[in-house]
Amino acid sequence: MPSKKALVRRPSPRLAEGLVTHIEREGVDADLAVEQWEAYVTALRAHGWDTIEVDPADDCPDSVFVEDTVVMYRNVALIARPGAESRRAETAGVEEAVAGLGCSVNWIWEPGTLEGGDVLKIGDTVYVGRGGRTNAAGVQQLRAAFEPLGARVVSAPVSKVLHLKSAVTALPDGTVVGHIPKMDTPSLFARFLPVPEEVGAHVVLLGGDKLLMAASAPKTAELFADLGYEPVVVDISEFEKLEGCVTCLSVRLRELYA
């Protein structure tokens, strides 16, 4: 059976110092953020996910956004090289965690940069956002790592948001969902559903018809419910102040086999 393991990482005490690029900085309540993170982890566990807590990186303000540090394809872990230099120390603990799970480990090397938030997998198609955090060399190295395994890699421009998955994710049937004002090329996706809220573009597939999504997108949750899906809503308001979303707070490992 496919695996349901998820890497998570406790927020740094320095979370409020995290990077912001496309939004105005707001004050972050670090204690509330921890409560919200714990509720997020609880939601994963309640839907059958085995959560694995990566060692904290307290000196790295953005380390809770663990998805940016690694990209998984089947049993292969590609350790990222963040475009934000201040985030590069985050990868060591994640590398240790995936190696401990028996993954084959590869790396993005200089001059490449790549962050996991720029990678959207739909079946064997891997969309990679090329923008402020992931460069052409990073895309090329990801292609070299994953195409021999059967992946089809598609590069997508990203200029209006932090990462590709800040603009789009996908439903269980492969339909891409996104908020058009934040997208560079909606026509790139053959099956596309526009959503009414920016935050509504972010879903984590929990299994079956269940979608983990933020409480700040009620209209989109209603839309998904009308389509027959079951939204599982969590409040991640403190992370949204740092351009975070439900996808970037975990790394889902769906293809590890016992």
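Predicted model: local features only at pLDDT ≥ 70, side-chain atom pairs only at ≥ 80, totals over all residues.

Colleague: How many disulfides does the structure hold?

Modeller: The structure holds 0 disulfides. Cys-245 is in none, and its nearest cysteine sulfur is that of Cys-248, 4.2 Å away.

Colleague: Is Cys-245 buried or exposed? And what about Cys-248?

Modeller: Cys-245 counts as buried, at 5% relative accessibility. Cys-248 counts as buried too, at 6%.

Colleague: Turning to the packing, which residues have the most contacts inside the largest nonpolar core?

Modeller: They are Tyr-40, Leu-44, Leu-212 and Phe-239, in a core of 26 residues. At least two residues each come from β1 (5–8), α1 (30–46), β12 (204–207), β13 (210–214) and β14 (230–234). The element that gives the most is α1, with 6 residues.

Colleague: What does Leu-212 touch?

Modeller: Leaving aside residues up to four places away in sequence, its contacts include Tyr-40, Leu-44, Val-232 and Val-246. There is also a second, separate core of 16 residues, with Val-76, Val-119, Leu-142 and Ala-151 among them.

Colleague: Where is Gly-123 found?

Modeller: Gly-123 lies in the loop between β6 (119–122) and β7 (125–130). At 64% relative accessibility, Gly-123 counts as exposed. The C-alpha atoms of Gly-123 and Ala-151 are 8.6 Å apart in space, while the two residues are 28 apart in sequence.

Terms used:
Residues numbered from 1 in each chain as written. Heavy atoms only, no water. Helix = DSSP H or I, 4+ residues; strand = E, 2+ residues; numbered from the N terminus. Buried < 20%, exposed > 50% of the residue type's maximum accessible area, 1.4 Å probe, protein only. Disulfide = S-S within 2.5 Å. Core = buried A, V, L, I, M, F, W, Y, C linked by side-chain atoms within 4.5 Å. Contact = heavy atoms within 4.5 Å.
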